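Let's take a walk through this structure together. Keep the picture open as you read, and find each residue as it comes up.

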Amino acid sequence: MAEEQILKKIKHYCAYQERCHSEVKEKLYSLGLYKNQVEEIIANLIADNYLNEERFAIQYAGGKFRIKHWGKRKISYELKQKGVSSYCIKIGLKSIDEEEYENTLAKLALAKWDSLRGQQYLVKLNKTKTYLVQKGFEPDMVHMHLQTFKKV
């Protein structure tokens, strides 16, 4: 492919949805480009505002929280896996509304608790806590919310 075609294709790839640098690099390498060509195209995309890691982190964090109900720890881990900088991760996590975050945690905790009918109190408590921590919520926050479930 000619470089103009590749640039047009990769701009469409970035315009379709927010991408991080590592995703774009992987795509460019899959098209058979060399390192210096990839770096040049990445610089071009950043200059033309097709590629913005901060914007990606905000979109990713918001989407994973609203759609999959992930906690901040899991979102942070996944962003690190994608090679996003710590600064951008912090900005992405700050974009999540704290009140909405706590409401989601409480709603998930209650739903999991109710789904464990017939279980002993400590078993329900442990399973609910494990579930919420696996979703990426902070253990101390989970513990605080589970304190509201009294032994019946």
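Predicted model: local features only at pLDDT ≥ 70, side-chain atom pairs only at ≥ 80, totals over all residues.

At 27% relative accessibility, His69 counts as partly exposed, a label for values between buried (under 20% relative accessible area) and exposed (over 50%), worked out with a 1.4 Å probe and protein chains only. Residues are numbered from 1 along each chain as its sequence is written, and side-chain values use heavy atoms, with hydrogens and water left out.

Back to His69, which you'll find in the loop between H4 and helix H5 (72–81). Most residues other than glycine have a negative phi. Asn49 also isn't a glycine, and its phi is positive too, at about 65°. Look for Asn49 in the loop between helix H3 (35–47) and helix H4 (53–68). Asn49 has a relative accessible area of 44%, so it is partly exposed.

Now step back and look at the whole thing. How many helices and strands does the protein have? There are nine helices and zero strands, where helices (H or I, at least four residues) and strands (E, at least two) are DSSP runs numbered from the N terminus. Read along the sequence, that gives the pattern α-α-α-α-α-α-α-α-α. The radius of gyration is 21 Å, well over the 15 Å that the globule rule gives for 152 residues, so the protein is more spread out than a compact globule. That radius is taken over C-alpha atoms, and the rule is 2.2 Å times the number of residues to the power 0.38. Along its principal axes, the C-alpha trace spans about 70 × 25 × 20 Å. Of the 152 residues, 37% are buried.

Val38 is part of helix H3, and it counts as buried because its relative accessibility is 0%. Between Val38 and Lys25 there are 6.6 Å in space, C-alpha to C-alpha, with the two 13 residues apart in sequence. Leu33 belongs to the loop between H2 and H3; with a relative accessible area of 10%, Leu33 is buried as well. Leu33 and Tyr77 sit 29 Å apart, C-alpha to C-alpha, and 44 residues apart in sequence.

Next, the charged pairs. The protein has five salt bridges, each being a side-chain nitrogen of Lys or Arg within 4 Å of a carboxyl oxygen of Asp or Glu. One of them joins the side chains of Arg55 and Glu18 at 2.8 Å, N to O. This pair links distant parts of the chain, 37 residues apart: Arg55 is in helix H4, and Glu18 is in the loop between helix H1 (3–16) and helix H2 (21–30). Arg55 counts as partly exposed at 24% relative accessibility, and so does Glu18 at 23%.

Another salt bridge brings Glu23 and Lys82 together, with 3.1 Å from N to O. Is Glu23 buried or exposed? Glu23 counts as buried, because its relative accessibility is 18%, whereas Lys82 is partly exposed at 22%.

Then there's the salt bridge between Lys72 and Glu98, at 2.3 Å, N to O. Lys72 lies in helix H5 and Glu98 in helix H7, 26 residues apart, so this pair also links distant parts of the chain. Lys72 counts as buried at 14% relative accessibility, while Glu98 is partly exposed with 39%.

Our last stop is on the surface. Which residues gather in a patch of negative charge there? They are Asp97, Glu99, Glu100 and Glu102. Patch members have over 30% relative accessible area and no salt bridge, with like charges joined within 9 Å and nonpolar side chains (Val, Leu, Ile, Met, Phe, Trp, Tyr) within 5 Å. Asp97 is in the loop between helix H6 (86–94) and helix H7 (98–115), and it counts as partly exposed because its relative accessibility is 44%.

Methods
Areas by Shrake-Rupley, 256 points an atom, 1.4 Å probe, with all protein chains shown as cover. Lys, Arg positive; Asp, Glu negative; His and termini not counted. Charge placed at Lys NZ, Arg CZ, Asp CG, Glu CD.
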